[in-house]
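Subject: The structure we talked about

Hi,

Here is the structure I promised you. Have a look at it first, and then read on for what turned up.

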Amino acid sequence: MHFDRLVKIEVYKLARTDYYIFTGLFVLTNFVLPLVVGDLLLQNLNGQTLLGFYHSVATKFVFWGVIVAASREFDNNVNRKRLLNGYKRHELFISQVVLVALYVLSMLILAFVSLTGLSLITTGDFSFFIGINAVSFLGFFLSLFAWGFFAVFLVNLFGRALWPILIYFALVFVEMILGLMGKLNEAQNGVDHLKYFRPMELMNDLYNLGGFPKGLILVLVIYLIVFQLTSFFILKKADI
């Protein structure tokens with residue numbers, strides 16, 4: 001199957017209620033929260049501040065949106081039907097990558113629209129864009145992809161949406177404990193070696209790409225490669 005046809009199929013499948021709910025809530029959050037909690041008259045808001053806020057929101061929407069969309073393919077033997085309809089197993093993997101890319105692209109476009117709207121509302125021009133650090137924007141982009149690939153990894157590993165959700169909250173708790181232990185080590189003039197074992201924190205910190213240590217970038221790349229290779233081999237070998 002040609003790649004452009006795969007993309008068209010994923011775009012067509014994306015037009016579901018859950019996608020509209022996620023994107024609608026994302027836009028609503030982008031506008032309402034900055035206006036409501038943004039230092040009364042938004043005196044301290046700027047493009048860089050908003051981009052950081054959008055990043056924290058967008059990563060969650062990409063993660064949960066991809067989990068819902070990808071897990072749907074395991075429901076009612078959809079993937080098995082796709083194989084019977086001419087899909088190759090590696091094309092199932094490619095379709096997941098396309099799914100992640102579509103969610104990331106959606107969040108980037110909606111973040112741009114939201115930033116433009118808030119800039120016009122509060123300043124009457126596009127001055128918010130002047131203060132945005134290009135490296136932060138690249139980190140924003142890469143971080144969204146990392147969360148999307150993590151989401152499909154969990155879905156491929158566990159099949160349905162429930163287990164990825166439970167695993168996510170379990171990992172949040174584990175990483176919180178590891179983070180506290182790491183800070184304790186640092187307080188005792190030690191080194192936080194446990195940071196290498198907190199992948200979700202690394203994916204979030206990727207937003208601060210300019211100050212991201214090279215060693216941690218390598219560790220995060222290894223995590224992402226493992227996520228993708230695991231997803232690929234599960235789809236290649238699993239009885240779906």
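This is a predicted model: local features need pLDDT of at least 70, side-chain atom pairs count only at pLDDT 80 or more; totals for chains, interfaces and linings use all residues.

How exposed is Val32? Its relative accessibility is 36%, so Val32 counts as partly exposed, since that label covers values between 20% and 50%. Val32 also belongs to a nonpolar patch on the surface, together with Ile21, Leu25, Leu28, Leu35, Val36 and Ile121. Taken together, these residues have about 630 Å² of accessible area. Helix H2, which covers residues 17-37, gives the most to this patch, with six residues.

Now for the charged side chains. A search of the whole structure turns up four salt bridges. Here are some to look up on your screen.

One of them pairs the side chains of Lys13 and Glu73, at 3.3 Å from N to O. Lys13 lies in helix H1 (residues 3-14) and Glu73 in the loop between helix H4 (47-72) and helix H5 (78-84), so this pair ties together parts that are 60 residues apart in sequence. Both Lys13 and Glu73 are buried.

Another salt bridge joins the side chains of Asp18 and Arg72, with 2.3 Å from N to O. This pair, too, links distant parts of the chain: Asp18 is in helix H2 and Arg72 in helix H4, 54 residues apart. Asp18 and Arg72 are both buried.

Then there is Glu201, which forms a salt bridge with Arg198; their closest N and O atoms are 2.8 Å apart. Are these two buried or partly exposed? Glu201 has a relative accessible area of 29%, so Glu201 is partly exposed, while Arg198, at 3%, counts as buried. Elsewhere, salt bridges with shared partners join Glu10, Lys13 and Glu73 into one network.

Last stop, the pockets. The largest pocket has a volume of about 150 Å³. Which residues line it? They are Ile9, Lys13, Arg16, Arg72, Glu73, Val78, Lys81, Arg82, Asn85 and Tyr87. H1 and H5 are the elements that give two or more residues to the lining, and H5 has the largest share, with three residues. Sorted by class, the lining has six charged, three nonpolar and one polar residue.

Happy browsing!

Technical notes. Residues are numbered from 1 along each chain as its sequence is written. Side-chain values use heavy atoms; hydrogens and water are left out. Patches are made of residues with over 30% relative accessible area and no salt bridge: like charges are joined within 9 Å, nonpolar side chains (Val, Leu, Ile, Met, Phe, Trp, Tyr) within 5 Å. Accessible areas come from the Shrake-Rupley method with a 1.4 Å probe; for residues, only the protein chains shown count as cover. Helices (H or I, at least four residues) and strands (E, at least two) are DSSP runs, numbered from the N terminus. Buried means under 20% relative accessible area, exposed over 50%, partly exposed in between (1.4 Å probe, protein chains only). On a 1 Å grid over the protein atoms alone, a cavity is a set of points where a 1.4 Å probe fits but cannot get out, and a pocket is an open set with protein on both sides within 12 Å along at least five of seven lines; lining residues have an atom within 4 Å of a point. Grid points are joined across faces, edges and corners, and a volume is the space filled by probe spheres set on the points. Ala, Val, Leu, Ile, Met, Phe, Trp, Tyr, Cys and Pro count as nonpolar, Asp, Glu, Lys and Arg as charged, and the others, Gly among them, as polar.
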